[in-house]
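Subject: The structure I promised you

Hi,

Here is the structure we talked about. Have it open while you read, and I'll walk you through what turned up.

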Amino acid sequence: MATTHVTRRPAVLSDLLPGTLGRDLALVVGSAVFVGLAAQISLPIPGTPVPVSGQPFAVLLAGATLGMGRSAAGMLLYLLAGMAGVPWFAEGSSGAGMPSLGYVIGFVLAGALVGALSQRGGDRTPVRTACTMAVGLLAIYAVGVPYMMAALHVDLAKAVAMGVTPFLIGDALKVVLAAGLLPAAWKLAGRGRS
């Protein structure tokens, strides 16, 4: 009787790395550290408690490269460690009392959504990648804005003016950059099928 060997197609870029549990643990911890480092690239904006930072871009890349489970776990580790006192939120902050914490909570949802879409090929072409990244950014805003409304006791219009509008151009640039990087990475890996 002949045995058939089925080669599993990588769902996300990190699946190209050899290993299983040890690799996955390293990727989860590494993604949290990556977001923590990206958070230190931060610029305060007058009139809002939310700075411009590298966090969202790092979250989107982690989601696309790690897939749903590993990315969500990495972002949850980032959130919980930061709330416990690791000073790796934007501007070296930590804790649970910040009005911008909702955005960090949204990173968990964004990582999971971007990861799930990427596992289904959402990072293989520029157009699909742009759509995947836009969904991730919307998830961050969907959690961050209501959280800021509650924390600062402001209405929706004020929260959007403080927590969305100042970031739209930068977020568009992040989407464009990811739309170029991720499909190119798949092409270099020789595995980018539509």
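Let's start with a pair of charged side chains: Asp-171 forms a salt bridge with Lys-174, and their closest N and O atoms are 3.2 Å apart. A salt bridge here is a side-chain nitrogen of Lys or Arg within 4 Å of a carboxyl oxygen of Asp or Glu. Both residues sit in helix H7 (residues 168–189), and because they are 3 residues apart there, about one helical turn separates them. Helices are DSSP runs of H or I with at least four residues, strands are E runs of at least two, and both are numbered from the N terminus. Asp-171 is buried at 6% relative accessible area, and Lys-174 counts as buried at 16%. Buried means under 20% relative accessible area, exposed means over 50%, and partly exposed is in between (1.4 Å probe, protein chains only).

Before going further, two housekeeping notes. This is a predicted model, so local features need pLDDT of at least 70 and side-chain atom pairs count only at pLDDT 80 or more, while totals for chains, interfaces and linings use all residues. Residues are numbered from 1 along each chain as its sequence is written, and side-chain values use heavy atoms, with hydrogens and water left out.

Back to the salt bridges: the count comes to 5 by this rule. Another joins Arg-23 and Asp-24 (3.1 Å, N to O). Arg-23 is buried at 17%, whereas Asp-24 is partly exposed at 23%. These two also belong to a network of salt bridges that links Asp-15, Arg-23, Asp-24 and Arg-70. Asp-123 and Arg-124 make a salt bridge as well (3.5 Å, N to O), and both of them are buried.

Now for some helix packing. How do the axes of H3 and H4 cross? The axes of H3 (residues 68–83) and H4 (residues 101–119) come within 7 Å and cross at roughly 170 degrees. The axes are lines fitted to C-alpha atoms over the stretch in contact, with angles from 0 to 180 degrees between N-to-C directions. The two helices are therefore roughly antiparallel, a label for angles over 145 degrees. Among the residues that meet are Met-68, Tyr-78 and Met-83 from H3, and Leu-101, Phe-107 and Gln-119 from H4. The contact residues divide into 14 nonpolar, 4 polar and no charged. (Ala, Val, Leu, Ile, Met, Phe, Trp, Tyr, Cys and Pro count as nonpolar, Asp, Glu, Lys and Arg as charged, and the others, Gly among them, as polar.)

Tyr-78 comes up again in the largest nonpolar core, which has 46 residues; Tyr-78 and Met-133 have the most contacts inside it. Such a core is a set of buried Ala, Val, Leu, Ile, Met, Phe, Trp, Tyr and Cys residues joined through side-chain atoms within 4.5 Å. H2 gives the most to this core, with 8 residues. Met-133 touches residues including Leu-60, Val-114 and Leu-182 (contact means heavy atoms within 4.5 Å).

Lastly, a look at the loops. Most residues other than glycine have a negative phi. Glu-91, in the loop between H3 and H4, has a positive phi near 65 degrees. Glu-91 is partly exposed at 47%. His-153, in the loop between H5 and H6, has a positive phi of about 55 degrees, and this residue is exposed at 72%.

Happy exploring!

Definitions and conventions: Parallel < 35°, antiparallel > 145°, perpendicular 65-115°, else oblique. Lists of a residue's contacts leave out its neighbours within four places in sequence.
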